[in-house]
Amino acid sequence: MANKNLILEEILKKYNENSGKGSDSDANFEFFAAEQLLKDKNLDQEEIESGLLGASNDNGIDGFFIFLDNELITEINEVDQSKMYNNLIIHFHQYKNQYKIKEDVVLKFNNAFKDIFNFENETLSGWNETLKDRIILARKVILKTGVSGANIKFIINHVSKSYSEDIKGNESYWSKVENLKSTISQAGISKHEVKYNFIGGEELKELSYKKPDYSLELLLKDSPLTLEFGESHIGYIALVSLKNYFKFIIDEDENLRRHLFDSNVRDYQNKTAVNSEIENTIKQDNDIDFWWLNNGVTVIASNESSQIGKKLLLKNVQIVNGLQTSYSIYNSIKNENISDERSIFIKIIICDDKNIVDKIIRATNSQNAISSSLLRSTDSIQRDIEQYFKSKGYFYDRRKNYYRNQGMPRNKIISINLLSQCVVSLVLNEKNPSRARSNPTILTKTDADYKKIYGSNIDFKVYFNSVLIYKKVEQELKEYTAENDFSDDPVSDSLVKLFKFHISRTLISVITNNANPAPKDLENLDIDQIVTKESVVSSISILRNIILEYQKQDKQSSSIDNISKQTEFSKFITREISRHI
């Protein structure tokens, strides 16, 4: 057996202590590995968990992530048929929390891809239901985007603690990899690329050292125009050459620093007429300075920033307006050697006041027509929830990964997605844990849904307690799972893995003795005292009986996995639970 990587083991130990994910070392390793490998995608905890699908009948696929133009796709309705997409990237991961290198990993991958890319195989027998759903989703996305000529890339990662040097000269292993690539090439998918990686302990360690860099140097063409306002607010107006702005927005691997745009409410809109025009201007209009034709970019940085001549040393950088321009510059220059001195116009605002920053974000993104849903992180209620949670020792990530990137404990970070799932499952009058489980990323996409969750005068205590209930249930379920073997009990296995929100929803009826508790019923609960192992186990038993009753009247004979995503089942819980409590 290979020697342990002592530094990696210490990193994993500290990571596990901060995770709040329980003592399951394999599960923690999977999450850690996925987080490192996908760090440039800037995913939150729920998004990472959505792709960790390893379980019984996973055929060697532990991680399965679909990205369309760098955006994570978990539902087919997130794909806009009217858009022209450039790149589809699908990640397949197998994680091995061990130092032994197993060649059968490649064989499992090979057999799995024979099923995955056999589009005529619709039954997918031998796969668990969750992975079946993800395979079907991947197929649909491939077909929808392939017809528009998108480039398709399959990234296959064999992840282990072992040393990659030990596998480099292993001809048997790498010949199996070539056979795997051949299997995929025979699937009939045009314009595709396959990248296979062995990721060892040293690579994981190095990836863990890589942090999002918010402190950056911006080289200007000349000394900026400096404008002071009030006692501590400073603004700069400056021109920056296109090549220096390009360097500002890329990392050492020349990947776009996507985290710099977290506060920019718009996503990149791909090849719209405007963006195509911007790119054509960069590539073709060499005789016209770029800033004459473009509105420029707005940057916010903290008061720790400083100026030295033509150089700005910026701390806590956020590009709050100009994402379309920035992406267009990146796409135009990344594969070209742009040496001309054309410029981009930049406003730099030095400010630490969160209220002012939110107003700037709203103002700079409201001058053109834009959906109000994209400005929600700046809503006053979102700021108020953030402050209330912070007063209780938790960090509400209304701005995606803001607190994670500051190094706050992961088990204390609450994302907008998670809070929305908890409210939909436990607080609203029409409680719907099925929708919370199946569509976590689209719960607040429409104004109507958003107003139900964040516009209905719900007390901050209720928001907070709904999350605490879910997290306590999750904690008790981990201990319950560790104490019990469900290998011969697939129903219980599915319950503890797929029905966490349903169990939490059942539990609030148990602890309040009310079939459909009102928000005020959750205000003053002592969560630690009332959400116990006994109450959670009781809720599992009740939910199990309700599922059996539902299956008897379910005309479609749905599997238990599919039941977990059916809104009708959520309604059934509310109708039937009074007979069980």
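**Exercise 1.** Which residues of strand β11 (residues 311–314) make up its covered face, and which its uncovered one?

*Solution.* Keep in mind that you're looking at a predicted model.
- Step 1: Now go along β11. Leu-312 and Leu-314 sit on the covered face.
- Step 2: That leaves Lys-311 and Leu-313 for the uncovered face.

**Exercise 2.** Find the strands that pair with β11, and say in which sense they run.

*Solution.* 
- Step 1: Look at β6 (residues 216–219). Its link to β11 is antiparallel and has 4 bridges. Here Leu-218 stands opposite Leu-312.
- Step 2: Turn to β10 (residues 306–308). With β11 it pairs in the antiparallel sense too, over 3 bridges, and Ile-308 stands opposite Lys-311.
- Step 3: Check the turn. The hairpin of β10 and β11 has 2 residues between the strands, and Gly-309 takes a positive phi near 60 degrees there.

**Exercise 3.** Work out the strand order of the open sheet that contains β9, then find a helix that packs on this sheet.

*Solution.* 
- Step 1: Read off the order of the 5 strands: β7-β8-β13-β9-β12, with mixed pairing.
- Step 2: Spot the edges. β7 (225–229) and β12 (318–321) each pair on one side only.
- Step 3: Zoom in on β9 (residues 297–301) and β13 (residues 343–350). They run parallel, joined by 5 bridges, and Val-297 stands opposite Ile-346.

Technical notes
Residues are numbered from 1 along each chain as its sequence is written. This is a predicted model: local features need pLDDT of at least 70, side-chain atom pairs count only at pLDDT 80 or more; totals for chains, interfaces and linings use all residues. Side-chain values use heavy atoms; hydrogens and water are left out. Two strands pair if DSSP finds at least two bridges between them. Contact means heavy atoms within 4.5 Å. Axes are lines fitted to C-alpha atoms, for helices over the stretch in contact, and angles run from 0 to 180 degrees between N-to-C directions. Buried means under 20% relative accessible area, exposed over 50%, partly exposed in between (1.4 Å probe, protein chains only).
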